[in-house]
Amino acid sequence: ILIYIMLNIDNFLEKFEGDIDLKKYGILLASIMFIWSGTNKIFNFDKKVLTLIKKTNLNKHLCEFGMILVILLEIIGFLFLIEYFFKKNILYNLFTKINIFIELSQKQLIQIILLLILLFLIVVTLIYHPFDMNHPIPFLSNLTTFGLFLYVYNDLFKK
């Protein structure tokens, strides 16, 4: 089989190009961790806030507010991303009905969400996962995730 694939590499690779839109599955898989994390923050809210207070020395109310924003980003923001890449607009239609402040296209909303994700990754990396030569994986994992979403953000401009 390996010899067949090597001899017919063009045909083999073309099968993966066709009508299959793998990007949406990549977004779905990348979103699982964030949706899980947001849900976990709801069930462990007080503990997560206390940890944030200890790490930042900010006041409790500010940390609670920040944690609520992170939960919204991790759950609702990523559901919007999944919806967009699966070419649906159920949440977006709901958003446009309750949003009286600014008119945004679905693509513009996704761009804003992606920018918020990138900002979140910078902040969370600095607070929770700064580079440590003895334990570099958490930092490098966040760096890799940042690269993924930077690529996705940039790719939106090609459409």
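How many of the 159 residues of the protein count as buried? The share is 30%. This is a predicted model, and the values below were computed from it.

**Overall build**

The protein has eight helices and zero strands. Read along the sequence, its pattern is α-α-α-α-α-α-α-α. The C-alpha trace spans about 65 × 50 × 25 Å along its principal axes. The radius of gyration is 19 Å, whereas a compact globule of 159 residues would come near 15 Å.

Contacts reach across the sequence. Take those between residues at least 6 apart: 67% of them join residues at least 24 apart.

**Surface and charge**

The side chains include 15 positive and 12 negative ones. The centres of these two sets lie 6 Å apart.

Helix α5 covers residues 60-85. Glutamate 74 sits in this helix, and leucine 81 has its place in helix α5 too.

Is glutamate 74 buried or exposed? Its relative accessibility is 2%, so it counts as buried, since buried means under 20%. Its side chain makes a polar contact with the side chain of serine 37, at 3.3 Å. Leaving aside residues up to four places away in sequence, glutamate 74 touches Phe34, Ile35, Ser37, Gly38, Lys41 and Phe120.

Helix α7 runs over residues 106-128 and helix α8 over 137-156. Leucine 81 and glutamate 103 are 22 residues apart in sequence, and their C-alpha atoms are 18 Å apart in space.

**Exposed residues in loops**

Asparagine 57 lies in the loop between α4 (45-56) and α5. Lysine 87 lies in the loop between α5 and α6 (90-98). Histidine 135 is found in the loop between α7 and α8.

Why do these residues count as exposed? The cut-off is a relative accessible area over 50%. Asparagine 57 has 70%, so it is exposed. Lysine 87 has 65%, so it is exposed. Histidine 135 has 55%, so it counts as exposed as well.

The table sets out the relative accessibility of the residues discussed here.

| Residue | Relative accessibility | Class |
|---|---|---|
| Glutamate 74 | 2% | buried |
| Asparagine 57 | 70% | exposed |
| Lysine 87 | 65% | exposed |
| Histidine 135 | 55% | exposed |

What is phi of lysine 87? The angle is near 55°, a positive value in a residue other than glycine. Asparagine 57 also has a positive phi, of about 60°, although it is not a glycine.

Conventions: Residues numbered from 1 in each chain as written. Predicted model: local features only at pLDDT ≥ 70, side-chain atom pairs only at ≥ 80, totals over all residues. Heavy atoms only, no water. Helix = DSSP H or I, 4+ residues; strand = E, 2+ residues; numbered from the N terminus. Rg over C-alpha atoms; globule rule 2.2 N^0.38 Å. Buried < 20%, exposed > 50% of the residue type's maximum accessible area, 1.4 Å probe, protein only. Contact = heavy atoms within 4.5 Å. Lys, Arg positive; Asp, Glu negative; His and termini not counted. Charge placed at Lys NZ, Arg CZ, Asp CG, Glu CD. Polar contact = N/O pair within 3.5 Å; in protein donor to acceptor, adjacent residues only side chain to side chain.
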